[in-house]
Amino acid sequence: MNTFFEMMSYPFLVRAFVVGILVSLCASLLGTSLVLKRYSMIGDGLSHVGFAALAIAYPLGISPLWLSIPVCIVTAFLLLQIRESSRIRGDAATALLLSGALAIGVMTVSLTTGMNTDVCNYMFGSILAMSKNDLYISVILSIAVLILYILFYNRIFAVTFDETFTTATGTRAQSYNMIIAVLTAVTIVLGMRMMGTLLISSLIVFPSLTAMRICRRFLSTVVMSALLAVTCFAIGLILSYLYSIPTGASIVVTDIVVFFLFLLIERIREH
Amino acid sequence: MSLIRCNNVSFAYGGKDAVTQVDFEVNTGDYLCIIGENGAGKSTLIKGLLRLKKPSSGVITYGDGLKPDEIGYLPQQTESQKDFPASVYEVVLSGCLNRLGFRFFYSKEERRLAHENMELLGITDLSNRCYRDLSGGQQQRVLLARALCATKKLLLLDEPVTGLDPVIAGEMYRIIRELRDKKGITIIMVSHDVHGAVREADHILHLDHRQKFCGPTVRYINDPVGVAFLGGAVS
């Protein structure tokens, strides 16, 4: 507990904590739908594109969030479209996007500021990256994501469970897919600089997969994954402070440990 | 006026005809069964009736007060939901989605409807069970209850008994017949089970990339098309 109060005396850690909790919440809620709809890789695709957008935004002097959010929303839209048509399969498209965006990002960085610690921060995240201005934007946007998720919860469930039925009975499933995509894009961009391009998608995938080990209802899965996400984030952040390890990595490692714990509980229950 | 009327409708995939010249109507209270070989265009026609696929020619009209989004649909069993955590009640309630309009949450009325339909199909005691843990027959009942939440008039059933063992399949047929007889719900069913179709339905639509027969079952079993397809098993 003392450690916690000590941490909270640093303004940058308070900022990281607030934004981290909110982003973890958003990511875990959306994650349940994304994992079940077989879109687990969308987070990775978006974060790499977000990285390229960030790298381009800096030398142009544009606020990084304002460039990367629209770019990621457009990408999310395109990714969903590609999945519908079958010329290039979804997984192949994501793979192309991952390396393509990464290459563009790295090239931009090396041509402008040069390869330096900044790149490392982009890749693996840094809690120091969060400015006061970023804090306000992140808090407002993530609360907006949470509210929209709650309002559209019933529709998101229906679209996740059975898209064909939902469309057949007159709900435009495609527009709710778009809402999920937009919310995901915003969440990814907000969490990216703290977690890093390479680790952000863990916030989406881990909590819901862990919750699915023991939950039998959609609502309880969503609630459980939100709880897990917040807990693992807090533990991860504290560990990273105590042992001076990168925040993103320490959160993911916490997620892994909890995942195996739940897997064990599931196995024991089955016997 | 008929509930659904197909006027010389054709469907195509990428310029290639899947099924052509479908011309039939369904009236309130009918029990129509669509039969034919695999790939004869049955599922395509279902998609067309649900407006998931546009006809390449011809028109489908909905009448008798049927709004196109009031069709209760029972999809074919798929494997993809094996890991989906959802309770029976959650699944059934999601059938009420088309009643929400501009609201965000379900009202008492809709919750009651979900409970009523679970009661009707005898799955009330499964309410809190996880959908994926149920047997095939139980899952079909859950999806049928969901379809009933979405409609008062017309059910569209895509292969409702495929993969069920004979006893459970018979039970399923009984439930469907009761829905028609007691609740006056019109039934359109796609089936592989030709003998079941002939026994249960009062109208048959036989597809083989085009419409080969459409009319009352009594006429079908004596029609050359019917006799050939049934292989003389029904006398």
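Two strands pair if DSSP finds at least two bridges between them. Keep that in mind as you look through these close-ups, which come from a predicted model.

**View 1. A hairpin in chain B joins strands β8 and β9.** Strand β8 (residues 203-207) of chain B and strand β9 (residues 211-216) of chain B run antiparallel and are joined by five bridges. Look for His206(B), which stands opposite Phe213(B) in β9(B). Three residues lie between the two strands of this hairpin, and His209(B) there takes a positive phi near 65°.

**View 2. Six strands of chain B form an open sheet.** Follow the strands in the order β5-β6-β7-β3-β8-β9 (chain B), and you will find that the pairing is mixed. At the edges are β5 (71-74) and β9 of chain B, each of which pairs on one side only. On average, and ignoring direction, neighbouring strands here are turned by 15° against each other. Strand β6 (residues 154-158) of chain B pairs with β5(B) in the parallel sense, over four bridges. In this pair, Tyr73(B) stands opposite Leu156(B) of β6(B). Now find helix α1 (residues 42-49) of chain B, which lies across β3 (31-35), β6, β7 (186-190) and β8 of chain B. The helix runs at about 150° to β6(B).

**View 3. A second open sheet of chain B has three strands.** Here the order is β2-β1-β4 (chain B), and the pairing is antiparallel. Which strands stand at the edges? They are β2 (16-26) and β4 (57-62) of chain B; each has a single partner strand, so one side of each is left without a neighbour in the sheet. From one strand to the next, the twist averages 25°. Strand β1 (residues 4-13) of chain B pairs with β4(B) in the antiparallel sense over five bridges.

**View 4. Nonpolar residues gather in a core.** The largest nonpolar core holds 145 residues, and Ile34(B), Val92(B) and Leu156(B) touch the most other members. Helix α2 (residues 11-36) of chain A gives the largest share of this core, 13 residues.

**View 5. Ala114(B) sits in helix α3 of chain B.** This helix covers residues 108-120. Is Ala114(B) buried or exposed? A residue is buried if 20 or more other C-beta atoms lie within 10 Å of its own. Ala114(B) has 24 C-beta neighbours inside 10 Å, so Ala114(B) counts as buried. Leaving aside neighbours within four places in sequence, Ala114(B) is in contact with Tyr89(B), Val92(B), Leu93(B), Cys96(B) and Cys149(B). Ala114(B) and Cys96(B) are 18 residues apart along the chain, yet their C-alpha atoms are separated by 7.7 Å.

**View 6. Helix α3 of chain A is mostly covered.** Of the 19 residues in α3(A), 14 are buried. At 1.5 Å a residue, this helix (residues 42-60) should span 27 Å, which agrees with the 27 Å between its end C-alpha atoms. Just after α3(A) comes Gly61(A), with a positive phi of about 75°.

**View 7. Chain A meets chain B.** Here 23 residues of chain A are in contact with 22 residues of chain B. The elements that give two or more residues to the chain A side are α8 (153-161), α9 (163-168) and α12 (218-243) of chain A. That side has 11 nonpolar, eight polar and four charged residues.

Notes. Residues are numbered from 1 along each chain as its sequence is written. Chains are lettered from A and ligands numbered from 1 in the order in which they are written. This is a predicted model: local features need pLDDT of at least 70, side-chain atom pairs count only at pLDDT 80 or more; totals for chains, interfaces and linings use all residues. A nonpolar core is a set of buried Ala, Val, Leu, Ile, Met, Phe, Trp, Tyr and Cys residues joined through C-beta atoms within 7 Å. A residue is buried if 20 or more other C-beta atoms lie within 10 Å of its own, exposed if 12 or fewer, and partly exposed in between; C-beta atoms are placed from the backbone. Two residues are in contact if their C-beta atoms, placed from the backbone, lie within 7 Å. Ala, Val, Leu, Ile, Met, Phe, Trp, Tyr, Cys and Pro count as nonpolar, Asp, Glu, Lys and Arg as charged, and the others, Gly among them, as polar. Axes are lines fitted to C-alpha atoms, for helices over the stretch in contact, and angles run from 0 to 180 degrees between N-to-C directions. The expected span of a helix is 1.5 Å times one less than its number of residues.
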